[in-house]
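Here are my notes for a colleague who is opening this structure for the first time. Please keep the sequence and the model side by side while reading the points below.

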Amino acid sequence: KLMARGQSPAFLSRGYGRTVESLGVLRVRPEFHKAEEAGDEPLLLARVAPTFVAADRCAAAEAAVAAGASVLVLDDGLQSPALARDASIAVVDGSAGVGNGLCLPAGPLRAPLARQWRAVSLLCVLGDGPAGSELALQASSLGVPAFRARLRPDAAMLTVLRDRRLYAFSGIGQPEKFFRTLAEQALSPVGRRAFPDHHAFTENDRLALLREAERLGAELVTTEKDRVRLPADFPVLTLPVSLEFADEAPLDALLDKLLAGRITALP
């Protein structure tokens, strides 16, 4: 959407999950870098726009601007105090919401919800569920616009997968969401295995998956985020997904205000 408005956006990320720290700022090259160097999500983001990874958000921002970026998009930056943000989009899972509403370690939040609402310009509810609907109502009562979106599996790949006997595995934040996506598309893997988020697949992990798939006479299938953490020659099918907006008007309105300079920096 930013590029359609003539902008040159760049992503900034801390590269969560990487095991090899680079010196300074890393500009991610998907054809060159691996997940242990850049993190899994930055490898996917870099397919869309220039992506800069660094523990120091300010250093990453400076590198992005020097490279020609006109808009900086912080990945997972709602609690980042290093940069003054002009707008923040909070994304919540429709089925999970904010869990029990408590902060770590008692719950999933990094900061109290009441404090975070002050820094939210727009709420995106991803998928269906009463928890997401409740948050959308709360946002509306606070004057925060909300809109819905969903992840849409790639239709061409679904056609390929329907002719295969599958063994599914995933190491994302909620592996069950991937398994549920397969089920919603009438795909019934003969087996499945969940790993922790950002899991670094070891050689033993890979061998175990291959053996189990072979035992069941199946082919492996996983997410794009998991795929980039595996060797390029590892035999696995991948189901890409894209984000589909149910109502684009709130997001378009925010971007129009942002690019017109009519937004005051958030706290």
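Predicted model: local features only at pLDDT ≥ 70, side-chain atom pairs only at ≥ 80, totals over all residues.

1. Helix H8 itself covers residues 203-215, which makes 13 residues. From its first C-alpha to its last the helix reaches 18 Å, close to the 18 Å expected at 1.5 Å a residue.

2. The buried residues of H8 are Asp205, Arg206, Leu209 and Ala213. They lie on the same side of H8, because the arc that they cover around the axis is only 95°. As background, an α-helix has 3.6 residues a turn, so residues three or four places apart point the same way.

3. The surroundings of H8 can be described from both faces. Its buried residues pack against three strands, namely E8 (166-170), E9 (191-194) and E10 (219-223), whereas the face turned away from the buried side carries the exposed residues Glu203, Asn204, Arg211, Glu214 and Arg215.

4. Elsewhere in the model, four strands form an open sheet, in which the order is E2-E3-E1-E4 and the pairing is mixed. Strand E2 (26-27) and strand E4 (71-74) are the edge strands, each of them pairing on one side only.

5. Within this sheet, strand E1 (residues 9-13) and E4 run parallel and are joined by four bridges. To find the place by eye, look for Ala10, which stands opposite Leu72 in E4. Helix H3 (residues 57-66) lies across E1, strand E3 (51-53) and E4, and runs at about 160° to E1.

6. Is Asp93 buried or exposed? Its relative accessibility is 11%, and because buried means under 20%, Asp93 counts as buried.

7. The side chain of Asp93 has polar partners that deserve a look. A polar atom of this side chain lies 2.9 Å from the backbone nitrogen of Ala96, and a polar contact of 2.6 Å joins the side chains of Asp93 and Lys177.

Conventions:
Residues numbered from 1 in each chain as written. Heavy atoms only, no water. Helix = DSSP H or I, 4+ residues; strand = E, 2+ residues; numbered from the N terminus. Expected span 1.5 Å × (residues − 1). Buried < 20%, exposed > 50% of the residue type's maximum accessible area, 1.4 Å probe, protein only. Arc of directions from axis to C-beta. Contact = heavy atoms within 4.5 Å. Pairing = 2+ DSSP bridges. Axes fitted to C-alpha atoms, helices over the stretch in contact; angles between N-to-C directions. Polar contact = N/O pair within 3.5 Å; in protein donor to acceptor, adjacent residues only side chain to side chain.
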